[in-house]
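Here is a friendly walk through one structure, taken a few residues and a few helix pairs at a time. Keep the viewer open and follow along.

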Amino acid sequence: MARIILDRLKERFGADVLETSSQHGDDVAVVTPARWREAAEFVRTDPRCACDYFVDLSAIDCCDNGDPEARFEVYVIAYSVARKHRVRLKVRLPEDNPEVDTLIPVWVGANWMERECFDMFGVRFKGHPDLRRILLYEEFKGHPLRKDYPAQQAQPLVAYREGTYDKLRPFLADEGMPLDRTFKAAQDPD
Amino acid sequence: MADVELETRVVGGGDAGFVTTKFEALLAWARKYSLFQYPFATACCGMEFFAAASPRYDIARFGAEAPRFSPRQADVLWVVGTISQRQAPVLKRIYDQMTEPKWVIAFGTCASCGGFYDNYATVPGIDKILPVDVMIPGCPPRPEAVLDGLMLLQQKIGDGDRTTAVVKNTQLPDGAEEKLERLYNIRMRP
């Protein structure tokens, strides 16, 4: 629905728009990392685009595409309240140094989303004033939404007590609700 | 009051008479009917806790109607909802601040065993970090199950029992057990 944005981007950035696609009303433009912020700025300020509303920013770990130079795909979704159209800009980043310009000067709302993206994927945003973890804790090692992070590997801040069960096993439902207990978990020393 | 009555004798003596009992039994009886609760509500189960604490279910019947938002004044820690790894130190500190005697109720499946959050972010059951007295499974548990859990805790206080107990289903509709066994490949009947 927003082909006009793609046309304007191609007109303005030429070969730096690597590819575009439109599917099910979603218009996507992939730009080069060098002109990432410039493209976002253009999408926001160009009167024909006028995407003043920042919707979302995150990343995709495309580690199975076989290309270490394009492992991470950072995307931003922007919407124009006046023109009622939406566009998705993407940038592809290499595995060894995933770094791209911050979009905070364009949309101030990008601040926390970039922090989340850093927290979950380890993508760094050049020029971000406060690039810390936002959801996880400072002691956490690694980035859990990367596909090479084992999803169930917890890094507890409080050491687990000994003698606890990993999972509650299913209990017998047909015993009704007598006020007694058949499942004995760890004995409490207190 | 059955446990007090076991230990209690009425000794005849003129018109008035007097009663003897064991001090521990009397103390336990007094404690179990004056439970001040600290609701540590972190997730959607909190809504169900409010429902259970509302006049319709009349939790005051059990002497447990007074929530105390200072751990110093509370006897029972209700952990209501999912506990993330990042939040675990907070919960542990709240527990450590409570004065003896203190009890812990895990409200809902997430607090009991982590529920369906089997990942890096969630504590798989608060018994990993605290001694738990009663687990109330359910997603969320119905207020009736909550009251069952409270009565179970009262019974345990009366018995001086500190092992972990689990509230069981009261009943399932006809044919539900066979269906659950087939669906989840578990055994629910003896």
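## Lys90(A) and its surroundings

Beyond the residues within four places in sequence, Lys90(A) is in contact with Val28(A), Ala29(A), Val30(A), Val31(A), Trp36(A), Glu73(A), Val74(A) and Tyr75(A). The model you are looking at is predicted. Lys90(A) sits in strand 5 of chain A, which covers residues 85-93.

Is Lys90(A) buried or exposed? Its relative accessible area is 17%, and because the cut-off for buried is under 20%, Lys90(A) counts as buried.

## Chain A as a whole

Chain A contains 3 helices and 7 strands. Followed along the sequence, they come in the pattern α-β-β-α-β-β-β-β-α-β.

Chain A has 190 residues, and 44% of them are buried. If you take the contacts in chain A between residues at least 6 apart in sequence, 51% of these join residues at least 24 apart.

## Helix 1 against helix 2 in chain A

Two packed helices are described by the angle between their axes and the distance between the axes. For helix 1 (residues 3-13) and helix 2 (residues 36-45) of chain A, the angle is about 130 degrees and the axes are 11 Å apart. Helix 1 and helix 2 of chain A are therefore oblique to each other. Their crossing is right-handed.

Which residues make this contact? Helix 1 of chain A supplies Ile5(A), Arg8(A), Leu9(A), Arg12(A) and Phe13(A), while helix 2 of chain A supplies Glu38(A), Ala39(A), Phe42(A) and Val43(A). Sorted by class, the contact holds 6 nonpolar and 3 charged residues, with no polar ones.

## A closer look at Ile5(A)

Ile5(A) belongs to helix 1 of chain A and is one of the residues in the contact with helix 2 of chain A. With a relative accessibility of 0%, Ile5(A) counts as buried.

Setting aside residues up to four places away in sequence, Ile5(A) touches Val43(A), Cys49(A), Cys51(A), His85(A) and Val87(A). Val43(A) is a member of the helix 2 side of the packing contact.

## Helix 2 against helix 6 in chain B

Chain B has a helix pair to compare. The axes of helix 2 (residues 23-32) and helix 6 of chain B come within 8 Å and cross at roughly 160 degrees. Angles over 145 degrees count as roughly antiparallel, and helix 2 and helix 6 of chain B are therefore roughly antiparallel to each other. The crossing is right-handed.

Here Ala28(B), Arg31(B) and Lys32(B) of helix 2 meet Gln154(B), Ile157(B) and Gly158(B) of helix 6 in chain B. By class, the contact has 2 nonpolar, 2 polar and 2 charged residues.

## Thr163(B) in its loop

Thr163(B) is located in the loop between helix 6 (143-159) and strand 7 (165-166) of chain B. Thr163(B) is buried, at a relative accessible area of 7%. Its side chain makes a polar contact of 2.8 Å with the side chain of Asp161(B).

## Backbone details to inspect

Most residues other than glycine have a negative phi, and most peptide bonds are trans. Another cis peptide bond joins Cys139(B) and Pro140(B), with omega about -5 degrees. Pro140(B) is placed in the loop between strand 6 (134-136) and helix 6 of chain B.

In chain A, look at phi instead. Ala50(A), which is not a glycine, has a positive phi near 55 degrees and lies in the loop between helix 2 and strand 3 (53-61) of chain A. Lys84(A) also has a positive phi, about 55 degrees, without being a glycine. Lys84(A) is in the loop between strand 4 (72-80) and strand 5 of chain A, and at 62% relative accessibility it counts as exposed.

Terms used: Residues are numbered from 1 along each chain as its sequence is written. Chains are lettered from A and ligands numbered from 1 in the order in which they are written. This is a predicted model: local features need pLDDT of at least 70, side-chain atom pairs count only at pLDDT 80 or more; totals for chains, interfaces and linings use all residues. Side-chain values use heavy atoms; hydrogens and water are left out. Axes are lines fitted to C-alpha atoms, for helices over the stretch in contact, and angles run from 0 to 180 degrees between N-to-C directions. Helices (H or I, at least four residues) and strands (E, at least two) are DSSP runs, numbered from the N terminus. Angles under 35 degrees count as roughly parallel, over 145 as roughly antiparallel, 65 to 115 as roughly perpendicular and the rest as oblique. A crossing is left-handed if the near helix is turned anticlockwise from the far one by less than a right angle, and right-handed if clockwise. Contact means heavy atoms within 4.5 Å. Ala, Val, Leu, Ile, Met, Phe, Trp, Tyr, Cys and Pro count as nonpolar, Asp, Glu, Lys and Arg as charged, and the others, Gly among them, as polar. Buried means under 20% relative accessible area, exposed over 50%, partly exposed in between (1.4 Å probe, protein chains only). A polar contact is a pair of N or O atoms within 3.5 Å; within protein, one must be able to donate a hydrogen and the other to accept it, and residues adjacent in sequence count only if both atoms are side-chain atoms.
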